[in-house]
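Biologist: Can you bring up the model? I'd like to talk through its shape, its surface and its charges.

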Amino acid sequence: MQDEALIHALLLDGKGGASVLDWQGVKNWQPQDGVLWVHLDYSQPQSIEWLEQGADLNPVVTDALLTGETRPRTIRIDNGLLLALRGVNLNPGADPDDMVSIRLWVEPGRIISTRKRRLLSVTDVANELKAGQGPARTDEVLASLLSRLVARMSDTVDYFEDQVAEFEEQALEQQNAQMRAELGRVRRQIISLRRYLAPQREAISQLLSDRIDWFSRDVRLSFQETLDSLMRHVEDLDAVRERAAVTQEEIGNHLAEQMNSRMYVLSIVAAFFLPLGFLTGLLGINVGGIPGAENPLGFGVFIALLVLVCGLQIVWFRRKGWL
């Protein structure tokens, strides 16, 4: 249970490296020891207990770190920052639009982050610190994490662009209801992904607008670069979504034209057989007085009448431009 709750606890050495701590090391940590980064699974009882009783946090911060549903945002509380961010779920078998949430409390000497599902961006930064090639300060850890969250979105955005491009190419060769349904599914995934990226853009913008005195100039530049990249991703998703909508509309129009063409043919056929059916039905009733019933030439005359009616229909349809 302990290992499941404490994903990692790293004590930064200020030179790009970090030492790994256990729960006892986390509980014994003092600000003068260096920057501490604690990463927890918020669904585990031991994580909940430490956040509520041992982390010395504002109750608002504790509730935010333990909440299940989050929307990307940045809130400044005293000299710290409370952030809720989203990253693309790159775990095996996950959908491209499935976003993994991470909650962070960042103050000059400590970072506390919580999640339920694994986020590869966090793992990357932690591995860099363990290898002695990571960020040295609290603000640099946050900048590195944000940069990797946005960078890992590139593959997902490219995936949607490739998907829509493939549908556009297929639409030139074949168009069917199944393709339209698949394209609709991709559109829903794009909309779902953008729903989280747009507020995340606002969250990073808030970091730049807040005057945090412990942010260095280089970190602010990194935030700006990350924000620009995220804005490009949002713009690319908007463009892909519009392309998908146009392609889906074209497929829908083509299918509607096919349906109208088939209904038109059926209507013409029905129009041909309507008077013929009326005449055959009228002469087929079992009552006395049917004309030609006793005449041996009656059937031939009736067939000739039906052929004449068909001929007149063809002439009339052609004059109307229906054939």
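Modeller: What follows is a walk through this predicted model, starting with the overall shape.

Biologist: How many helices and strands does the chain have?

Modeller: The chain has 10 helices and seven strands.

Biologist: What box do the C-alpha atoms fill?

Modeller: Roughly 120 × 40 × 35 Å, taken along the principal axes.

Biologist: What share of the residues counts as buried?

Modeller: 42% of the 323 residues.

Biologist: Is Leu-312 buried or exposed?

Modeller: Exposed, because its relative accessibility is 53% and the cut-off for exposed is over 50%.

Biologist: Which helices supply at least two residues each?

Modeller: α9 and α10, the latter spanning 298–320. The largest share is from α9, with four residues.

Biologist: Where is Trp-316?

Modeller: In helix α10. Trp-316 is partly exposed, at 46% relative accessible area.

Biologist: Switching to charge. Which residues gather in the negative patch?

Modeller: Asp-155, Asp-158, Asp-162, Glu-166, Glu-169, Glu-235 and Asp-236. They lie on the surface. Two elements give two or more residues each: α7 (153–173) and α9 (217–283).

Biologist: Which of them gives the most?

Modeller: α7, with five residues. Asp-158 is in that helix. Its relative accessibility is 38%, so Asp-158 counts as partly exposed.

Biologist: OK, salt bridges. How many are there in the whole structure?

Modeller: A search finds 10. One of them joins Arg-110 to Glu-107, with the closest N and O atoms 2.8 Å apart.

Biologist: Is Arg-110 buried or exposed?

Modeller: Buried, because its relative accessible area is 9%, and buried means under 20%.

Biologist: What does Glu-182 pair with?

Modeller: Arg-185. The closest N and O atoms are 2.9 Å apart. Both residues are in helix α8 (residues 177–209). They are three residues apart, about one turn of the helix.

Biologist: How accessible are the side chains of that pair?

Modeller: For whole residues, Glu-182 has a relative accessible area of 31% and is partly exposed. Arg-185 has 29% and is also partly exposed.

Biologist: What about Asp-238 and Arg-241?

Modeller: Their side chains meet in a salt bridge, 3.4 Å from N to O. Asp-238 and Arg-241 are three residues apart in helix α9, so about one helical turn separates them. Arg-241 is partly exposed, with 24% relative accessible area.

Biologist: Which residues are linked in a network of salt bridges?

Modeller: Asp-124, Glu-128, Arg-148 and Arg-152.

Biologist: Last topic, backbone. What is phi of Asp-56?

Modeller: Near 55°, a positive value in a residue other than glycine.

Biologist: Why point that out?

Modeller: Because most residues other than glycine have a negative phi.

Biologist: Where does Asp-56 lie?

Modeller: In the loop between α3 (45–54) and α4 (59–66). Asp-56 is exposed, with a relative accessible area of 73%.

Biologist: And what is phi of Asp-78?

Modeller: Positive, about 55°, although Asp-78 is not a glycine. Asp-78 is in the loop between β4 (73–77) and β5 (80–88).

Biologist: Is Asp-78 buried or exposed?

Modeller: Asp-78 counts as exposed, at 70% relative accessibility.

Conventions
Residues numbered from 1 in each chain as written. Predicted model: local features only at pLDDT ≥ 70, side-chain atom pairs only at ≥ 80, totals over all residues. Heavy atoms only, no water. Patch = residues over 30% accessible without salt bridge, like charges linked within 9 Å, V, L, I, M, F, W, Y side chains within 5 Å. Areas by Shrake-Rupley, 256 points an atom, 1.4 Å probe, with all protein chains shown as cover. Salt bridge = Lys/Arg side-chain N within 4 Å of Asp/Glu carboxyl O. Lys, Arg positive; Asp, Glu negative; His and termini not counted. Charge placed at Lys NZ, Arg CZ, Asp CG, Glu CD. Buried < 20%, exposed > 50% of the residue type's maximum accessible area, 1.4 Å probe, protein only.
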